[in-house]
Amino acid sequence: MRAIRLASAAALGLSVLSLTAPAASAVGSKVSPLVGTATPSTIAPGGQVTLSLSGCEGRWDASSDVFDVVRVPPGGMGTATVDWDAKRGAMYTVTYTCDDGRQTTSQLTITGGRPTPRPTVTTTATATRSPAGPARGGVGGSQDGMNAGEIAAGAALVVAATGGVIFVLRRRAGSRQH
């Protein structure tokens with residue numbers, strides 16, 4: 001009877017350890033988060049906005065209700081002209097879509113001031129390649145992956161919990177034999 005309890009406790013401990021293995025293997029396969037930026041983030045109707053996306057290795061699109069879809073090559077930046085009929089004081093969502101299917105958004109605010117005169121020449125979306133890539137702005141440590149110390153601490157906790165279960169089961173089994 002005691003061997004059965006010991007074997008079941010060991011099986012429980014092994015199953016808990018096997019659940020931590022995917023987390024340990026995920027540390028090596030880190031996918032960088034997408035960060036989309038519309039510059040300037042506050043603009044008047046008819047103004048030009050520069051669009052950039054970091055974390056995407058392939059081509060990407062930017063779209064919004066206030067400008068046409070902009071298709072950008074890998075590592076490039078795009079520009080778009082805000083529609084003249086954009087509602088002043090409103091916030092519009094800019095959606096960035098990477099070729100691998102991931103998406104992110106940013107906000108574009110339309111100023112409430114008087115619009116600039118309508119240009120006679122229309123501009124189209126252009127793409128340029130930035131030599132050094134975008135600046136690495138911070139989201140703090142919230143996007144950082146696990147490190148080896150965290151994995152070791154988690155494994156130690158699992159081993160300690162398994163040892164505690166085995167100790168309690170053995171102690172209970174020992175007290176019933178008297």
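Trainee: How many aromatic pairs does a search of the whole structure find?

Mentor: A pair of aromatic rings is described by the distance of the centres and the angle of the planes. Rings of Phe, Tyr and Trp (its six-membered ring) pair if their centres lie within 6.5 Å; planes under 30 degrees apart count as stacked, over 60 as edge-to-face, and the rest as tilted. Searching the whole structure gives one aromatic pair. Its members are W60 and Y96, with 6.1 Å from centre to centre and 50° between the planes, and the pair is tilted.

Trainee: On what kind of model do these values rest?

Mentor: This is a predicted model, in which local features need pLDDT of at least 70 and side-chain atom pairs count only at pLDDT 80 or more, while totals for chains, interfaces and linings use all residues. Residues are numbered from 1 along each chain as its sequence is written, and side-chain values use heavy atoms, with hydrogens and water left out.

Trainee: In which strands do W60 and Y96 lie?

Mentor: Strands (E, at least two residues) and helices (H or I, at least four) are DSSP runs, numbered from the N terminus. W60 belongs to strand 4 (residues 60-64) and Y96 to strand 7 (residues 91-98), so that the pair links distant parts of the chain, 36 residues apart.

Trainee: Are W60 and Y96 buried or exposed?

Mentor: Buried means under 20% relative accessible area, exposed over 50%, and partly exposed in between (1.4 Å probe, protein chains only). Both W60 and Y96 are buried.

Trainee: In what order do the strands of the open sheet stand?

Mentor: Two strands pair if DSSP finds at least two bridges between them. Here five strands form an open sheet in the order 2-8-7-4-5, with mixed pairing. Strand 2 (42-43) and strand 5 (67-72) are the edge strands, each pairing on one side only.

Trainee: In what sense does each strand pair with its partner, parallel or antiparallel?

Mentor: Strand 2 pairs with strand 8 (residues 103-110) in the parallel sense, over two bridges. In that pairing T42 stands opposite T109, and I43 has I110 as its bridge partner. Strand 8 is antiparallel to strand 7, over seven bridges, and S106 of strand 8 faces V94. Strand 7 in turn pairs with strand 4 in the antiparallel sense over four bridges, where D61 stands opposite T97. Strand 4 and strand 5 also run antiparallel, joined by four bridges; A62 has V70 as its bridge partner there.

Trainee: Which residues of strand 4 and strand 8 lie on the covered face?

Mentor: In a regular strand the side chains alternate between the two faces of the sheet. In strand 4 the covered face holds W60, A62 and S64, and the uncovered face D61 and S63. In strand 8 the covered face holds T104, S106, L108 and I110, while Q103, T105, Q107 and T109 make up the uncovered one.

Trainee: Which residues is T37 in contact with?

Mentor: Contact means heavy atoms within 4.5 Å. Leaving aside neighbours within four places in sequence, T37 touches T50, L51, S52 and Y96. T37 is located in strand 1 (residues 35-39) and is partly exposed, with a relative accessible area of 33%.
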